[in-house]
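Subject: Structure handover

Hello,

Here is the structure for you to look through. My notes follow below it.

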Amino acid sequence: MTPDVRDRTDRPASLGRRPADGCPIPEASWDRALRLIGRHDEVALACHVNPDGDALGSMLAVAFVLRSMGKRVVASFGDRHFAVPRLLGFLPGQEMLVPPEEYPAAPELMIVFDCSTFERVGLLGANAASAREVIVVDHHPSNTGFGTLDLIDANAAATAMLAEQLVYRLGGRLDRDIAICLYAGLVTDTGSFRYSSTTPAVHQMAARLVATGLRTDEIARELWDRSPFGYLKVLAHALERVTLEGGLVWTYVSRVDRAAYGLPYSELEGIIDIVRRADEAEVAVVLKEDDHGDWQVSTRSKGTVDVAAVCAALGGGGHHNAAGYTSYETVEETMAKFRRELRRVS
Ligand code: AMP
Ligand code: MN
Ligand code: MN
(Lines give C-alpha, C1' and ligand atoms only; values in the text may rest on other atoms or scores of the structure.)
(Ligands and ions follow the chains in the order given, each with its own letter.)
Protein backbone atom coordinates (compact mmCIF):
# COMPACT_ATOMS: atom_id res chain seq x y z
CA MET A 1 0.00 0.00 0.00
CA THR A 2 1.43 3.33 -1.00
CA PRO A 3 -0.93 6.10 0.03
CA ASP A 4 -1.25 9.17 -2.11
CA VAL A 5 0.77 12.16 -0.97
CA ARG A 6 -2.34 14.05 0.05
CA ASP A 7 -3.07 11.62 2.86
CA ARG A 8 0.51 10.86 3.81
CA THR A 9 1.54 11.45 7.39
CA ASP A 10 5.16 10.49 6.86
CA ARG A 11 6.02 12.95 4.16
CA PRO A 12 9.15 15.09 4.62
CA ALA A 13 8.86 17.96 7.09
CA SER A 14 10.17 20.25 4.37
CA LEU A 15 6.82 19.96 2.60
CA GLY A 16 5.18 22.32 5.06
CA ARG A 17 4.69 25.95 4.15
CA ARG A 18 7.97 26.86 5.84
CA PRO A 19 11.26 25.75 4.27
CA ALA A 20 12.87 23.05 6.40
CA ASP A 21 15.79 24.10 8.58
CA GLY A 22 18.94 24.11 6.53
CA CYS A 23 17.04 23.78 3.26
CA PRO A 24 18.22 26.65 1.13
CA ILE A 25 15.62 26.20 -1.63
CA PRO A 26 13.01 28.90 -1.09
CA GLU A 27 9.35 27.93 -1.27
CA ALA A 28 8.98 30.51 -4.03
CA SER A 29 11.39 28.50 -6.19
CA TRP A 30 9.44 25.29 -5.71
CA ASP A 31 6.23 27.18 -6.51
CA ARG A 32 7.78 28.56 -9.68
CA ALA A 33 8.93 25.09 -10.70
CA LEU A 34 5.40 23.73 -10.24
CA ARG A 35 3.94 26.59 -12.28
CA LEU A 36 6.46 26.06 -15.08
CA ILE A 37 5.80 22.33 -15.19
CA GLY A 38 2.05 22.95 -14.95
CA ARG A 39 1.92 25.06 -18.07
CA HIS A 40 3.99 22.78 -20.33
CA ASP A 41 2.60 19.65 -21.99
CA GLU A 42 6.04 18.46 -22.97
CA VAL A 43 9.01 18.32 -20.60
CA ALA A 44 12.55 17.36 -21.62
CA LEU A 45 14.71 15.82 -18.89
CA ALA A 46 18.48 15.39 -18.83
CA CYS A 47 21.12 14.17 -16.42
CA HIS A 48 24.90 14.23 -16.43
CA VAL A 49 27.10 12.32 -18.86
CA ASN A 50 28.28 8.86 -17.77
CA PRO A 51 25.23 8.78 -15.50
CA ASP A 52 25.44 7.26 -12.04
CA GLY A 53 22.51 5.98 -9.97
CA ASP A 54 21.71 9.42 -8.62
CA ALA A 55 21.65 11.13 -12.01
CA LEU A 56 19.66 8.50 -13.89
CA GLY A 57 17.50 7.49 -10.91
CA SER A 58 16.45 11.05 -10.10
CA MET A 59 15.64 11.79 -13.74
CA LEU A 60 13.59 8.62 -14.27
CA ALA A 61 11.67 9.09 -11.01
CA VAL A 62 10.54 12.55 -12.10
CA ALA A 63 9.88 11.22 -15.63
CA PHE A 64 7.42 8.68 -14.16
CA VAL A 65 5.43 11.29 -12.27
CA LEU A 66 5.36 13.70 -15.22
CA ARG A 67 4.13 10.89 -17.45
CA SER A 68 1.41 10.00 -14.96
CA MET A 69 0.31 13.65 -15.15
CA GLY A 70 -0.26 13.16 -18.89
CA LYS A 71 2.84 15.06 -20.03
CA ARG A 72 4.94 14.05 -22.99
CA VAL A 73 8.33 13.24 -21.51
CA VAL A 74 11.71 12.73 -23.15
CA ALA A 75 14.74 11.90 -21.04
CA SER A 76 18.37 11.57 -22.04
CA PHE A 77 22.00 12.26 -21.26
CA GLY A 78 24.57 13.78 -23.56
CA ASP A 79 27.13 11.03 -24.14
CA ARG A 80 28.67 10.53 -27.56
CA HIS A 81 28.02 6.80 -27.23
CA PHE A 82 24.57 6.72 -25.70
CA ALA A 83 24.15 3.63 -23.53
CA VAL A 84 22.80 3.01 -20.05
CA PRO A 85 25.61 1.54 -17.91
CA ARG A 86 25.00 -2.18 -17.30
CA LEU A 87 25.03 -1.47 -13.59
CA LEU A 88 21.88 0.66 -13.98
CA GLY A 89 20.12 -1.68 -16.40
CA PHE A 90 17.68 -2.68 -13.63
CA LEU A 91 16.19 0.80 -13.32
CA PRO A 92 12.59 0.93 -14.55
CA GLY A 93 11.39 3.56 -17.00
CA GLN A 94 14.14 3.24 -19.57
CA GLU A 95 11.58 3.23 -22.38
CA MET A 96 11.35 6.98 -21.73
CA LEU A 97 15.02 7.44 -22.72
CA VAL A 98 15.95 8.77 -26.15
CA PRO A 99 19.46 9.22 -27.59
CA PRO A 100 20.74 12.82 -27.72
CA GLU A 101 20.18 13.06 -31.49
CA GLU A 102 16.43 12.48 -30.98
CA TYR A 103 16.21 15.08 -28.21
CA PRO A 104 14.28 18.30 -28.96
CA ALA A 105 16.75 20.90 -30.23
CA ALA A 106 15.15 23.77 -28.33
CA PRO A 107 12.85 22.44 -25.58
CA GLU A 108 10.32 24.83 -24.09
CA LEU A 109 11.04 23.37 -20.65
CA MET A 110 14.09 21.32 -19.74
CA ILE A 111 14.92 19.89 -16.29
CA VAL A 112 18.53 18.94 -15.61
CA PHE A 113 19.49 16.54 -12.80
CA ASP A 114 22.70 16.10 -10.77
CA CYS A 115 24.81 18.33 -13.03
CA SER A 116 27.25 20.46 -11.03
CA THR A 117 28.18 22.49 -14.09
CA PHE A 118 26.80 23.22 -17.54
CA GLU A 119 29.62 21.08 -19.01
CA ARG A 120 28.23 18.00 -17.25
CA VAL A 121 25.17 18.23 -19.52
CA GLY A 122 27.54 17.12 -22.30
CA LEU A 123 26.10 16.99 -25.82
CA LEU A 124 22.72 18.17 -24.53
CA GLY A 125 24.34 21.45 -23.51
CA ALA A 126 23.41 22.88 -26.91
CA ASN A 127 19.77 21.89 -26.31
CA ALA A 128 19.88 23.44 -22.83
CA ALA A 129 21.38 26.64 -24.24
CA SER A 130 18.47 26.85 -26.70
CA ALA A 131 15.76 25.89 -24.20
CA ARG A 132 13.33 28.59 -23.09
CA GLU A 133 13.37 27.46 -19.46
CA VAL A 134 15.92 25.25 -17.70
CA ILE A 135 15.33 23.99 -14.17
CA VAL A 136 18.54 22.79 -12.49
CA VAL A 137 17.94 20.17 -9.77
CA ASP A 138 21.20 19.45 -7.96
CA HIS A 139 23.06 19.02 -4.67
CA HIS A 140 26.69 19.89 -5.53
CA PRO A 141 28.10 22.64 -3.28
CA SER A 142 30.12 23.91 -6.24
CA ASN A 143 26.99 24.48 -8.33
CA THR A 144 26.47 28.20 -8.70
CA GLY A 145 23.32 27.72 -10.78
CA PHE A 146 23.10 27.76 -14.54
CA GLY A 147 19.35 27.41 -15.04
CA THR A 148 16.58 29.93 -15.47
CA LEU A 149 15.43 28.35 -12.17
CA ASP A 150 17.77 26.61 -9.75
CA LEU A 151 16.62 24.04 -7.21
CA ILE A 152 19.98 23.45 -5.55
CA ASP A 153 20.44 22.14 -2.01
CA ALA A 154 24.09 21.54 -1.12
CA ASN A 155 22.97 19.90 2.14
CA ALA A 156 21.12 17.12 0.33
CA ALA A 157 23.01 13.83 0.25
CA ALA A 158 21.69 13.09 -3.23
CA THR A 159 19.77 14.78 -6.01
CA ALA A 160 17.29 11.96 -5.39
CA MET A 161 16.25 13.76 -2.17
CA LEU A 162 15.21 16.78 -4.23
CA ALA A 163 13.61 14.55 -6.86
CA GLU A 164 11.50 12.95 -4.10
CA GLN A 165 10.30 16.38 -3.02
CA LEU A 166 9.44 17.23 -6.60
CA VAL A 167 7.46 13.99 -6.92
CA TYR A 168 5.41 14.83 -3.81
CA ARG A 169 4.97 18.46 -4.70
CA LEU A 170 3.66 17.47 -8.13
CA GLY A 171 1.08 15.37 -6.32
CA GLY A 172 2.71 12.14 -7.42
CA ARG A 173 2.37 8.76 -5.78
CA LEU A 174 5.46 7.05 -4.49
CA ASP A 175 4.97 3.76 -6.33
CA ARG A 176 7.53 1.01 -6.46
CA ASP A 177 9.06 2.05 -9.81
CA ILE A 178 9.64 5.60 -8.60
CA ALA A 179 10.95 4.27 -5.28
CA ILE A 180 13.50 1.98 -7.01
CA CYS A 181 14.82 4.93 -9.02
CA LEU A 182 15.07 7.19 -5.99
CA TYR A 183 16.60 4.46 -3.84
CA ALA A 184 19.30 3.85 -6.47
CA GLY A 185 20.19 7.54 -6.22
CA LEU A 186 20.18 7.58 -2.44
CA VAL A 187 22.37 4.50 -1.97
CA THR A 188 24.77 5.47 -4.77
CA ASP A 189 25.53 8.91 -3.36
CA THR A 190 25.70 7.86 0.30
CA GLY A 191 27.87 4.82 -0.47
CA SER A 192 25.14 2.59 0.95
CA PHE A 193 24.57 4.87 3.95
CA ARG A 194 28.27 4.89 4.85
CA TYR A 195 29.33 8.45 3.94
CA SER A 196 29.09 11.40 6.31
CA SER A 197 26.23 12.75 4.19
CA THR A 198 24.01 10.02 5.71
CA THR A 199 21.72 12.12 7.91
CA PRO A 200 18.53 11.09 9.71
CA ALA A 201 16.65 12.55 6.74
CA VAL A 202 18.46 10.07 4.46
CA HIS A 203 17.32 7.12 6.56
CA GLN A 204 13.80 8.53 6.84
CA MET A 205 13.63 8.80 3.07
CA ALA A 206 14.99 5.26 2.73
CA ALA A 207 12.23 4.07 5.05
CA ARG A 208 9.56 5.67 2.83
CA LEU A 209 11.09 4.04 -0.24
CA VAL A 210 11.54 0.59 1.29
CA ALA A 211 7.91 0.73 2.48
CA THR A 212 6.79 0.51 -1.16
CA GLY A 213 8.06 -3.06 -1.21
CA LEU A 214 11.27 -2.65 -3.15
CA ARG A 215 13.95 -5.32 -2.74
CA THR A 216 16.99 -3.69 -1.18
CA ASP A 217 18.96 -6.94 -1.49
CA GLU A 218 18.35 -7.16 -5.23
CA ILE A 219 19.24 -3.50 -5.79
CA ALA A 220 22.46 -3.87 -3.77
CA ARG A 221 23.43 -6.92 -5.78
CA GLU A 222 22.80 -5.12 -9.09
CA LEU A 223 24.78 -2.06 -8.04
CA TRP A 224 27.74 -3.55 -6.20
CA ASP A 225 27.93 -7.31 -6.07
CA ARG A 226 28.27 -8.39 -9.66
CA SER A 227 30.63 -7.82 -12.57
CA PRO A 228 31.75 -9.59 -15.72
CA PHE A 229 34.74 -11.89 -15.11
CA GLY A 230 36.97 -9.46 -17.02
CA TYR A 231 36.52 -6.94 -14.21
CA LEU A 232 38.59 -9.14 -11.91
CA LYS A 233 41.42 -9.24 -14.45
CA VAL A 234 41.34 -5.49 -15.09
CA LEU A 235 41.21 -4.86 -11.34
CA ALA A 236 44.24 -7.12 -10.90
CA HIS A 237 46.23 -4.98 -13.37
CA ALA A 238 45.11 -1.77 -11.67
CA LEU A 239 46.12 -3.08 -8.24
CA GLU A 240 49.44 -4.40 -9.50
CA ARG A 241 50.55 -0.88 -10.33
CA VAL A 242 48.89 0.94 -7.44
CA THR A 243 51.27 3.50 -5.95
CA LEU A 244 51.51 5.03 -2.49
CA GLU A 245 53.23 8.43 -2.34
CA GLY A 246 52.99 9.95 1.09
CA GLY A 247 49.29 10.39 1.77
CA LEU A 248 48.28 9.76 -1.84
CA VAL A 249 47.35 6.36 -3.26
CA TRP A 250 46.67 6.11 -6.98
CA THR A 251 46.46 3.89 -10.01
CA TYR A 252 45.09 3.89 -13.55
CA VAL A 253 43.13 1.72 -15.98
CA SER A 254 43.82 2.17 -19.69
CA ARG A 255 41.64 1.43 -22.70
CA VAL A 256 44.10 -1.29 -23.64
CA ASP A 257 43.57 -3.01 -20.26
CA ARG A 258 39.83 -3.03 -20.81
CA ALA A 259 39.98 -4.05 -24.46
CA ALA A 260 41.86 -7.23 -23.55
CA TYR A 261 38.77 -8.40 -21.62
CA GLY A 262 36.04 -6.54 -23.51
CA LEU A 263 35.21 -4.57 -20.38
CA PRO A 264 33.08 -1.43 -20.84
CA TYR A 265 34.23 1.81 -19.23
CA SER A 266 31.19 1.95 -16.95
CA GLU A 267 32.35 -1.22 -15.15
CA LEU A 268 35.25 0.69 -13.58
CA GLU A 269 33.21 2.72 -11.11
CA GLY A 270 33.94 0.53 -8.07
CA ILE A 271 37.75 0.48 -8.36
CA ILE A 272 38.16 3.74 -6.45
CA ASP A 273 36.39 2.15 -3.47
CA ILE A 274 39.02 -0.56 -3.32
CA VAL A 275 41.98 1.77 -3.81
CA ARG A 276 40.80 4.23 -1.17
CA ARG A 277 40.94 1.50 1.48
CA ALA A 278 44.69 2.08 2.01
CA ASP A 279 45.01 3.28 5.60
CA GLU A 280 48.23 5.14 4.82
CA ALA A 281 46.51 7.40 2.30
CA GLU A 282 44.37 10.47 2.90
CA VAL A 283 43.59 10.90 -0.80
CA ALA A 284 42.88 8.24 -3.45
CA VAL A 285 42.89 8.72 -7.22
CA VAL A 286 41.94 6.40 -10.09
CA LEU A 287 42.51 7.49 -13.69
CA LYS A 288 40.12 5.73 -16.06
CA GLU A 289 40.66 6.02 -19.80
CA ASP A 290 37.33 6.23 -21.60
CA ASP A 291 36.57 5.05 -25.14
CA HIS A 292 37.73 8.38 -26.61
CA GLY A 293 41.13 8.21 -24.95
CA ASP A 294 40.32 10.90 -22.38
CA TRP A 295 41.08 10.23 -18.72
CA GLN A 296 38.20 10.40 -16.27
CA VAL A 297 39.77 11.10 -12.91
CA SER A 298 38.02 9.85 -9.77
CA THR A 299 39.26 11.30 -6.48
CA ARG A 300 38.34 10.59 -2.86
CA SER A 301 39.36 12.16 0.45
CA LYS A 302 38.99 10.83 3.98
CA GLY A 303 37.99 14.26 5.24
CA THR A 304 40.80 16.74 5.76
CA VAL A 305 41.60 17.44 2.10
CA ASP A 306 38.96 19.10 -0.07
CA VAL A 307 39.25 17.14 -3.33
CA ALA A 308 36.42 19.19 -4.85
CA ALA A 309 38.74 22.23 -4.66
CA VAL A 310 41.57 20.25 -6.29
CA CYS A 311 39.30 18.98 -9.06
CA ALA A 312 37.68 22.37 -9.60
CA ALA A 313 41.14 23.84 -10.21
CA LEU A 314 41.66 21.14 -12.84
CA GLY A 315 38.38 21.79 -14.64
CA GLY A 316 36.03 19.44 -12.76
CA GLY A 317 34.15 19.53 -9.50
CA GLY A 318 32.18 17.46 -7.03
CA HIS A 319 31.97 17.12 -3.28
CA HIS A 320 34.51 17.68 -0.47
CA ASN A 321 35.21 13.94 -0.18
CA ALA A 322 34.38 12.71 -3.72
CA ALA A 323 35.17 14.66 -6.84
CA GLY A 324 36.38 14.26 -10.40
CA TYR A 325 37.49 15.86 -13.64
CA THR A 326 38.50 14.99 -17.18
CA SER A 327 42.14 15.10 -18.29
CA TYR A 328 43.27 15.15 -21.90
CA GLU A 329 46.94 14.58 -21.06
CA THR A 330 49.04 11.50 -20.33
CA VAL A 331 48.92 9.64 -17.02
CA GLU A 332 52.25 11.19 -15.97
CA GLU A 333 51.21 14.74 -16.89
CA THR A 334 47.82 14.28 -15.26
CA MET A 335 49.36 13.09 -12.01
CA ALA A 336 52.01 15.84 -12.03
CA LYS A 337 49.27 18.48 -12.24
CA PHE A 338 47.16 16.69 -9.66
CA ARG A 339 50.04 16.57 -7.14
CA ARG A 340 50.72 20.25 -7.69
CA GLU A 341 47.09 21.21 -7.03
CA LEU A 342 46.93 18.85 -4.06
CA ARG A 343 49.94 20.55 -2.47
CA ARG A 344 48.34 23.94 -3.08
CA VAL A 345 45.06 22.94 -1.43
CA SER A 346 46.39 20.91 1.52
P1 AMP B 1 33.12 9.60 -9.58
O2 AMP B 1 34.53 9.51 -9.12
O3 AMP B 1 32.97 9.46 -11.06
O4 AMP B 1 32.20 8.74 -8.78
O5 AMP B 1 32.69 11.10 -9.29
C6 AMP B 1 32.64 11.62 -8.00
C7 AMP B 1 31.99 12.99 -8.05
O8 AMP B 1 32.84 13.87 -8.74
C9 AMP B 1 30.68 12.99 -8.81
O10 AMP B 1 29.60 12.86 -7.92
C11 AMP B 1 30.67 14.32 -9.49
O12 AMP B 1 30.07 15.25 -8.63
C13 AMP B 1 32.12 14.72 -9.60
N14 AMP B 1 32.69 14.56 -10.95
C15 AMP B 1 33.17 13.43 -11.51
N16 AMP B 1 33.64 13.65 -12.74
C17 AMP B 1 33.47 14.96 -12.99
C18 AMP B 1 33.77 15.84 -14.10
N19 AMP B 1 34.34 15.39 -15.23
N20 AMP B 1 33.43 17.14 -13.98
C21 AMP B 1 32.85 17.61 -12.85
N22 AMP B 1 32.56 16.86 -11.77
C23 AMP B 1 32.85 15.55 -11.83
MN1 MN C 1 26.19 12.03 -10.07
MN1 MN D 1 24.53 13.18 -6.94
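Strand E10 (residues 317–318) pairs with E11 in the antiparallel sense, over two bridges. Two strands count as paired if DSSP finds at least two bridges between them. Helices (H or I, at least four residues) and strands (E, at least two) are DSSP runs, numbered from the N terminus.

Some ground rules. This is a predicted model: local features need pLDDT of at least 70, side-chain atom pairs count only at pLDDT 80 or more, and totals for chains, interfaces and linings use all residues. Residues are numbered from 1 along each chain as its sequence is written, chains are lettered from A and ligands numbered from 1 in the order in which they are written, and side-chain values use heavy atoms, with hydrogens and water left out.

**The strands around E11**

E10 and E11 form a hairpin, with three residues between them. Gly 318 has Ala 323 of E11 as its bridge partner. Strand E9 (residues 295–301) also runs antiparallel to E11, and six bridges join the two. Here Thr 299 has Ala 323 as its bridge partner in E11. E11 itself covers residues 322–327. Its covered face holds Ala 323, Tyr 325 and Ser 327. Its uncovered face holds Ala 322, Gly 324 and Thr 326.

**The chain as a whole**

The secondary structure comes to twelve helices and eleven strands. The radius of gyration is 20 Å, close to the 20 Å that the globule rule gives for 346 residues, so the chain is as compact as a globular protein of that length. That radius is taken over C-alpha atoms, and the rule is 2.2 Å times the number of residues to the power 0.38. Along the principal axes, the C-alpha atoms fill a box of roughly 55 × 40 × 40 Å.

Of the 346 residues, 53% count as buried. Buried means under 20% relative accessible area, exposed over 50%, and partly exposed in between (1.4 Å probe, protein chains only). The accessible surface comes to about 15,200 Å², and 50% of it belongs to carbon and sulfur atoms. Those areas come from the Shrake-Rupley method with a 1.4 Å probe; for residues, only the protein chains shown count as cover.

The domain assignment gives domain 1 (3–223) and domain 2 (229–345). Such bounds come from an automatic or database domain assignment. The C-alpha centres of the two domains lie 27 Å apart. Across the boundary, 13 residues of domain 1 are in contact with twelve residues of domain 2. Contact means heavy atoms within 4.5 Å. Among contacts between residues at least 6 apart in sequence, 65% join residues at least 24 apart.

**The manganese ions**

Which residues hold the manganese ion (ligand 2)? Its protein donors are His 48 (NE2), Asp 52 (OD) and Asp 114 (OD), lying 2.1 to 2.3 Å from it. Donors are N, O and S atoms within 2.8 Å of the metal (3.2 Å for Na, K and Ca); water is not among the atoms, so sites may look incomplete. The donor spacing in sequence is H-x3-D-x61-D. His 48 lies in the loop between strand E1 (42–47) and helix H2 (53–68), and Asp 114 in the loop between E3 and H3, so the pair ties together parts that are 66 residues apart in sequence. His 48 is buried, at 2% relative accessibility.

The manganese ion (ligand 3) has Asp 54 (OD), Asp 114 (OD), His 139 (NE2) and Asp 189 (OD) as protein donors, at 2.1 to 2.3 Å. Their spacing along the chain is D-x59-D-x24-H-x49-D. Asp 114 bridges this ion and the manganese ion (ligand 2), and the two ions lie 3.7 Å apart. Asp 114 and Asp 189 link distant parts of the chain, 75 residues apart. Asp 189 is in helix H5 (residues 176–189). Both Asp 114 and Asp 189 are buried.

**Two backbone angles to check**

Most residues other than glycine have a negative phi. Asp 114 has a positive one, near 65 degrees. Its relative accessible area is 1%. Phe 193 also has a positive phi, near 65 degrees. Phe 193 sits in the loop between H5 and helix H6 (200–210). It is partly exposed, with a relative accessible area of 24%.

Best wishes
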